[in-house]
Amino acid sequence: MTVSATSSASTAATTTSSSSSSTSSSSTLTSSDFLSLLVSELQNQDPLNATSTTDFINQLTSYANFSQQQSINSNLTSLSSSFSSLVTLNSVNYIGHTVEAKTDTSTLSNGSATFGYSLSSAASNVAITVKDSSGNTVYTGTGTGNSGSNSFTWDGKNSSGTQLTDGGQYTISVTATDSAGNSVLNYTTVTGTVTGIDTSTSTPSLTVNGVSVSAANIIGVTS
C-alpha cells in the first residue's frame with residue numbers, strides 16, 4: 001500500500017512537471033488545456049492526501065470563469081470586426097461627394113488650397129500660418145474674424161512670391177482671439193471631394209484632397 005502511494009505521488013509529480021513545462025512553453029492556455037490539468041490532477045493525486053473537495057470546487061469555478069471570459073472575448077472580437085465592416089460600408093457612400101471635414105491639412109491643387117475655420121465668437125485678431133510637410137513656414141497672413149464659419153484660400157505662393165508646385169501637402173494654423181485676448185477658435189476644416197477609402201487601420205478613413213481623414217471628422221456634405 002505504501003509503495004503504491006509513493007508510486008502514484010511520483011507519477012503525479014512527473015505529470016505535473018510535464019504539464020507545467022508544456023503550459024509555460026505556450027503563451028495561451030486553452031479550454032482543453034485547463035480540463036486536462038484537472039483530469040490529470042484527479043488521476044494522479046496521492047490516495048493518502050487526496051485533493052480536498054473545497055479546492056476542487058474552487059478549481060472548477062476558476063475553469064467556469066475562464067471559459068466564460070474566453071466566450072466574451074470571442075464575441076467582442078466578432079462584434080468589433082462587424083462594426084469595422086459596417087463603418088467601411090457606410091464610408092463607401094462618401095466617394096465622389098464633396099465634404100467638409102475637421103482637419104488642418106490639404107493638398108495644393110491648381111495653384112491653391114482652401115481651408116476653413118470656425119470661431120465661437122467674433123475675433124479681433126486672426127493670424128494664419130501655412131507650413132509645408134517638413135514644417136517650414138511658407139505663408140503668414142491674417143483672416144476674417146466673423147463668428148461661426150470663415151474661409152481662407154491660399155494662392156500657393158510662398159513669402160517670396162514664388163508659386164509652389166501642385167501636389168504638396170500643406171497645414172494651416174489659425175490663432176484667433178477676441179478683444180480681451182481670449183482664444184475663440186473652435187477648429188479648422190478643409191473641403192474637398194472624397195476619392196477613396198483607406199482601410200489599412202482599425203478605423204477606416206476617407207481620402208479628401210489627397211489627405212486621410214477619419215469618417216468621424218466629416219461635418220458636412222456639400223454635393
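Reader: How do you know that strand 3 and strand 8 are paired, and in which sense do they run?

Author: In this predicted model, strand 3 and strand 8 are joined by five bridges and run antiparallel. Pairing requires at least two bridges between the strands, and five bridges meet that requirement, so strand 3 and strand 8 count as paired. One example of a bridge to strand 8 links L119 with its partner L185.

Reader: What is in contact with T207, once its neighbours in sequence are set aside?

Author: T207, which has its place in strand 9, touches T193, V194, T195, G196 and I197 when residues up to four places away in sequence are not counted. A contact here requires heavy atoms within 4.5 Å. A separate value describes T207 and G192, whose C-alpha atoms are separated by 9.2 Å although the two residues are 15 apart along the chain.

Reader: Why is T188 called buried?

Author: T188 sits in strand 8, which spans residues 185–198, and its relative accessibility is 13%. Buried means under 20%, and 13% is under that limit, so T188 counts as buried. Leaving aside neighbours within four places in sequence, T188 is in contact with A101, K102, T103, D104, G116, Y117, I172 and V174.

Reader: What makes the approach of T188 to T103 a polar contact?

Author: A polar atom of the T188 side chain lies 3.0 Å from the backbone oxygen of T103.

Reader: Is T177 buried or exposed, and how do you know?

Author: T177, found in strand 7, has a relative accessibility of 18%, and since the limit for buried is under 20%, T177 counts as buried. Apart from residues up to four places away in sequence, T177 touches A123, S124, N125, N182, S183 and V184.

Reader: Which class do N110 and N209 fall into, and what value decides it?

Author: N110 lies in the loop between strand 2 and strand 3, and at 74% relative accessibility it is over the 50% limit, so N110 counts as exposed.

Reader: Why are strand 2 and strand 5 said to stand at the edges?

Author: They belong to an open sheet of four strands, ordered 2-7-4-5 with antiparallel pairing. Strand 2 and strand 5 each have a single partner strand, so one side of each is left without a neighbour in the sheet. Neighbouring strands of this sheet are turned by 25° against each other on average, direction ignored. Within the sheet, strand 4 and strand 7 are joined by seven bridges, and V126 has A176 as its bridge partner in strand 7.

Reader: Which residues have the most contacts inside the largest nonpolar core?

Author: That core has 19 residues, and those with the most contacts inside it are Y117, V126, I128, V130, F152, W154 and Y170. Strands 3, 4, 6 and 7 each supply at least two of its residues. Another core lies apart from it, with seven residues, among them V99, L206, V208 and V213. In soluble globular proteins, nonpolar side chains tend to be buried together.

Reader: What does W154 touch?

Author: Not counting residues up to four places away in sequence, W154 touches L108, G111, S112, A113, V130, V138, Y139, L164 and Y170.

Definitions and conventions: Residues are numbered from 1 along each chain as its sequence is written. This is a predicted model: local features need pLDDT of at least 70, side-chain atom pairs count only at pLDDT 80 or more; totals for chains, interfaces and linings use all residues. Side-chain values use heavy atoms; hydrogens and water are left out. Buried means under 20% relative accessible area, exposed over 50%, partly exposed in between (1.4 Å probe, protein chains only). A polar contact is a pair of N or O atoms within 3.5 Å; within protein, one must be able to donate a hydrogen and the other to accept it, and residues adjacent in sequence count only if both atoms are side-chain atoms. A nonpolar core is a set of buried Ala, Val, Leu, Ile, Met, Phe, Trp, Tyr and Cys residues joined through side-chain atoms within 4.5 Å. Axes are lines fitted to C-alpha atoms, for helices over the stretch in contact, and angles run from 0 to 180 degrees between N-to-C directions.
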